[in-house]
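Reader: I am new to reading protein models, and I would like a close look at one single part. Could you take me through it slowly?

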Amino acid sequence: MSDPLVLVADDGPVRTLTLNRPAALNSFTSAMHAELRDALDAAAAAHHVRAVVITGAGRGFCAGQDLNDPGMAPGADGKVDIGAVIEANYKPLALRLRAMPVPVLAAVNGVAAGAGANLALGCDLVVAARSASFIQAFAKIGLIPDCGGTWLLPRLLGRARALGLALTGDKLPAEEAVRLGLIWQCVDDAELIATSQALAQRLAAMPVKALAATRQALDAAAHMTMEDALALEARMQRDLGNQADFAEGVAAFQQKRAPHFTDR
Ligand code: T3D
């Protein structure tokens with residue numbers, strides 16, 4: 001039997017998904033897409049999982065689309081339907097990340113290029129090793145940023161820097177990515193696993209239903225007037241205020257004890 005293309009490991013409430021094609025810098029084949037989709041769906045469905053970490057095996061995080069994948073070969077008409085690949089693989093991946101019921105953290109252990117960079121940026125928090133880098137490699141092969149890159153980059157960086165990275169395809173070192181506000185944190189390589197796992201455990205102990213709703217509210221508000229955003233806040237707080245976690249959070253505060261959150 002061949003090795004899994006996505007390794008799955010639980011540490012209590014934290015599930016770690018490791019992209020596992022190290023010889024090709026964990027670049028995406030259709031088969032790895034399918035395994036990652038299944039792994040995300042399984043994590044979303046498993047009630048004990050309260051945070052997910054995505055990382056890469058070996059020296060890379062993910063080099064985007066595997067440019068040698070047979071799925072990239074031209075059809076009988078001599079053309080490659082990349083739009084079909086996006087519809088079948090990258091769009092569902094980006095949307096799944098946005099819809100996860102628990103926080104998702106990218107632990108970027110090495111180069112994240114093309115769709116691999118945007119896979120990381122589509123996660124809720126990105127912690128990168130100091131030797132890691134982010135490359136919008138698309139322009140170099142005649143494509144535009146995908147896997148949500150056109151949506152994410154200007155929101156994270158502003159138009160000027162988003163276009164700068166996308167047009168040049170320049171490598172952005174992890175430290176610079178923090179300085180620009182593209183990612184949350186950069187740590188020494190030896191600290192990446194401990195730091196990202198500790199952060200994931202910390203999130204897992206929080207009211208994760210509210211954390212997922214926070215992501216949803218921030219994304220939705222980006223398209224709204226302030227009045228509409230205020231109305232959305234009221235609707236979502238009404239719902240969250242009726243959840244067990246809110247009662248538990250307030251009770252724990254009043255009783256001066258640590259809360260135990262269970263909603264999901
Ligand atoms: O269907 C569609 O195309 C639509 C979807 C598009 C989404 C995309 O992601 S498009 C962008 C695709 N990705 C790239 O263009 C990045 C290509 N890779 C690189 O530019 C470089 O490998 C890196 C800058 C990421 C890293 O450079 P370096 O020098 O650290 O490593 P390397 O020697 O280039 O790569 C190591 C091995 O991984 C090498 O294999 P080998 O020679 O040892 O057998 C290399 O061929 C392989 N590899 C790296 N990236 C890919 C790859 N193999 C297949 N596809 C890759 N994307």
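Which strand do four bridges join to S5?

Author: This is a predicted model, in which local features need pLDDT of at least 70, side-chain atom pairs count only at pLDDT 80 or more, and totals for chains, interfaces and linings use all residues. Residues are numbered from 1 along each chain as its sequence is written, and side-chain values use heavy atoms, with hydrogens and water left out.

The strand you ask about is S7, residues 125-129, which runs parallel to S5 and is joined to S5 by four bridges; strands here are DSSP runs of E with at least two residues, numbered from the N terminus, and two of them pair if DSSP finds at least two bridges between them. Within this pairing, Ala106 stands opposite Val126 in S7. S5 also pairs with strand S3, residues 51-56, again in the parallel sense, over three bridges, and there Val52 is the residue opposite Val104 of S5.

Turning to S5 itself, which spans residues 104-108, five of its five residues are buried, where buried means under 20% relative accessible area, exposed over 50%, and partly exposed in between, with a 1.4 Å probe and protein chains only. In a regular strand, side chains alternate between the two faces of the sheet. In S5, Val104, Ala106 and Val108 point one way, whereas Leu105 and Ala107 point the other way, and all are buried. Ala106, which stands opposite Val126, therefore belongs to the group that points one way together with Val104 and Val108, in keeping with the general rule that side chains in a regular strand alternate between the two faces.
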